[in-house]
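Open your viewer and get the sequence panel ready beside it. We will go from stop to stop, selecting a few residues each time.

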Amino acid sequence: MPDKVIIAGAGQAAAQAVITLRHGGFTGGILLVGEEPYLPYQRPPLSKKYLAGEMELERLHLRPESFYVDHGVQLHLGTRVEAIDRSRRTVRVDGADLGYDRLVLATGSHVRRLAIPGHDVPQLHYLRTIDDVRGIQPQLRAGQRLVVIGGGYVGLEVAAVAVQAGLAVTVVEIADRLMARAVAPLLSQFYLKAHQAAGVAFRLQTGVTGIRRAAGHVEVQCTAGAALAADLVVVGVGILPTTALAAAAGLEVDNGIVVDELCRTSDPHIYAAGDCTSHPNALLGRRLRLESVHNAQEQGKTAALAILGQPEPYAQIPWFWSDQYDLKLQMTGIAEDYTTMVVRGDPDKRAFAACYFTGEQLIAVHAVNSPREFMLSKKLIAQGARLDPALVADTAIPFKDIAASASPG
Ligand SMILES: Cc1cc2nc3c(=O)[nH]c(=O)nc-3n(C[C@H](O)[C@H](O)[C@H](O)COP(=O)(O)OP(=O)(O)OC[C@H]3O[C@@H](n4cnc5c(N)ncnc54)[C@H](O)[C@@H]3O)c2cc1C
């Protein structure tokens with residue numbers, strides 16, 4: 001077993017790697033180096049309850065400080081791993097070279113930034129970190145005008161929190177529908193209507209060309225329609241994997257740090273886990289990059305088990321969730337290249353599941369306020385189960401009976 005593990009990045013994947021290493025009996029040194037000045041924390045509440053002011057900072061922490069003390073984990077927070085010297089097996093932190101036997105890169109991702117005139121006005125914010133929320137919250141007051149740029153999950157979650165706090169909210173989206181990268185048009189339409197009913201205004205098929213300073217506010221200039229006056233602008237136009245450290249060290253990078261099913265990079269002493277990786281998934285038969293808590297946790301675990309000498313290849317069906325108003329969207333599988341989509345339940349009753357098939361194979365389910373469908377579907381998708389789509393749409397038959405009748409893949 002190695003003597004010393006250094007983890008670069010102190011987020012979701014890093015915390016899980018630490019937990020698995022110590023639970024797995026690793027007694028060597030663990031050093032966690034995190035750029036942000038916070039204990040490893042969960043990000044999902046940043047655009048949900050924490051943004052709404054309904055959650056304390058301590059509840060964001062994945063483990064209290066005492067966990068790291070009790071488990072002999074050294075924390076270097078508020079500082080970066082600046083470089084890796086692979087031949088000497090050292091990392092540069094605060095000007096010092098620190099030796100490792102195994103290095104885990106858990107550097108996550110960073111927001112895609114707008115490169116338009118006026119992108120640097122103080123009213124414009126991104127949302128990735130606790131500090132970003134702290135920048136947004138003072139303006140999150142009734143009567144303020146918010147323009148959200150980007151109609152993906154993060155933008156829509158912010159819109160939901162803000163409109164409920166009494167702000168006048170407009171979402172500008174360049175595509176012709178919401179969450180277009182991930183969901184079927186039916187869900188885009190459902191969410192558009194839900195947000196409109198709550199009072200959010202939309203500009204679809206509209207780009208942003210610049211932000212202009214005005215007296216006490218800004219004007220968001222769009223490719224269509226009049227400019228939008230705003231006291232606050234929140235941009236959610238996607239993220240990019242944080243791979244510069246790995247690339248500078250000569251590790252293979254291709255839409256993420258390239259790892260194998262054990263989270264090993266192209267250097268046998270270096271692992272990578274979480275948002276920053278491009279990884280193979282045997283269940284899906286392809287390589288992919290994911291942006292989700294589940295993936296970060298599972299890969300953190302996979303990397304740690306490999307370091308412990310108890311390798312367990314990563315093979316997980318992806319899942320993700322999004323909370324907007326009273327709507328809990330739970331998504332599993334990848335809804336790409338499907339041949340049929342059926343709806344189980346009634347969108348008008350705000351409880352339904354969009355079920356995506358390739359032939360008779362269930363490949364993805366997007367469940368709105370339908371946890372049972374979500375839970376059972378995760379298993380069915382992992383099994384490559386075959387089902388009659390017409391049967392799945394029939395709510396007269398309980399979903400567990402339909403699941404029980406599925407043919408194995
Ligand atoms: C607002 C928001 C809402 C979200 N909602 C959901 C949701 O509902 N469901 C879901 O499944 N997922 C959600 N996600 C995504 C989820 O939070 C991420 O997929 C997850 O945090 C990824 O974990 P990670 O450990 O790979 O990276 P991160 O949690 O991003 O952690 C990486 C850390 O590494 C640090 N770092 C980077 N480079 C260095 C370096 N050189 N040295 C030291 N430190 C470094 C970064 O500063 C960061 O703190 C959300 C994300 C955001 C931002």
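Which residue in the turn between β13 and β14 has a positive phi? Select the hairpin that β13 and β14 form, with two residues between them, and you will find G216 in the turn, with a positive phi of about 75 degrees. Strands here are DSSP runs of E with at least two residues, and helices are runs of H or I with at least four, both numbered from the N terminus.

Before moving on, please note that this is a predicted model, in which local features need pLDDT of at least 70 and side-chain atom pairs count only at pLDDT 80 or more, while totals for chains, interfaces and linings use all residues. Residues are numbered from 1 along each chain as its sequence is written, and side-chain values use heavy atoms, leaving out hydrogens and water.

**Stop 1**

Two strands count as paired if DSSP finds at least two bridges between them. Click on I211 and look across to V220 in β14, which stands opposite.

Now select β24 (residues 340-346) and β25 (residues 351-358), an antiparallel pair with seven bridges. V342 has C355 in β25 as its bridge partner. Four residues lie between the strands of this hairpin, and R350 in the turn has a positive phi of about 60 degrees.

**Stop 1: a sheet of three strands**

Next, show β4, β5 and β6, which form an open sheet in that order with antiparallel pairing. At its edges are β4 (81-85) and β6 (96-99), each pairing on one side only. From one strand to the next, the twist averages 30 degrees. Four bridges link β4 to β5 (residues 90-93), and I84 stands opposite V91 in β5.

**Stop 2: a sheet of five strands**

Another open sheet has five strands in the order β3-β2-β1-β7-β19, with parallel pairing. β3 (73-77) and β19 (270-272) are at the edges with a single partner strand each, so one side of each has no neighbour in the sheet. Neighbouring strands are turned by 20 degrees against each other on average, direction ignored. Zoom in on β7 (residues 102-105), which pairs with β19 in the parallel sense over three bridges; here L103 stands opposite I270.

α1 lies across β1 (4-8), β2 and β3, at about 170 degrees to β2, and α7 lies across β1, β7 and β19, at about 160 degrees to β19. Contact here means heavy atoms within 4.5 Å; axes are lines fitted to C-alpha atoms, for helices over the stretch in contact, with angles from 0 to 180 degrees between N-to-C directions.

**Stop 3**
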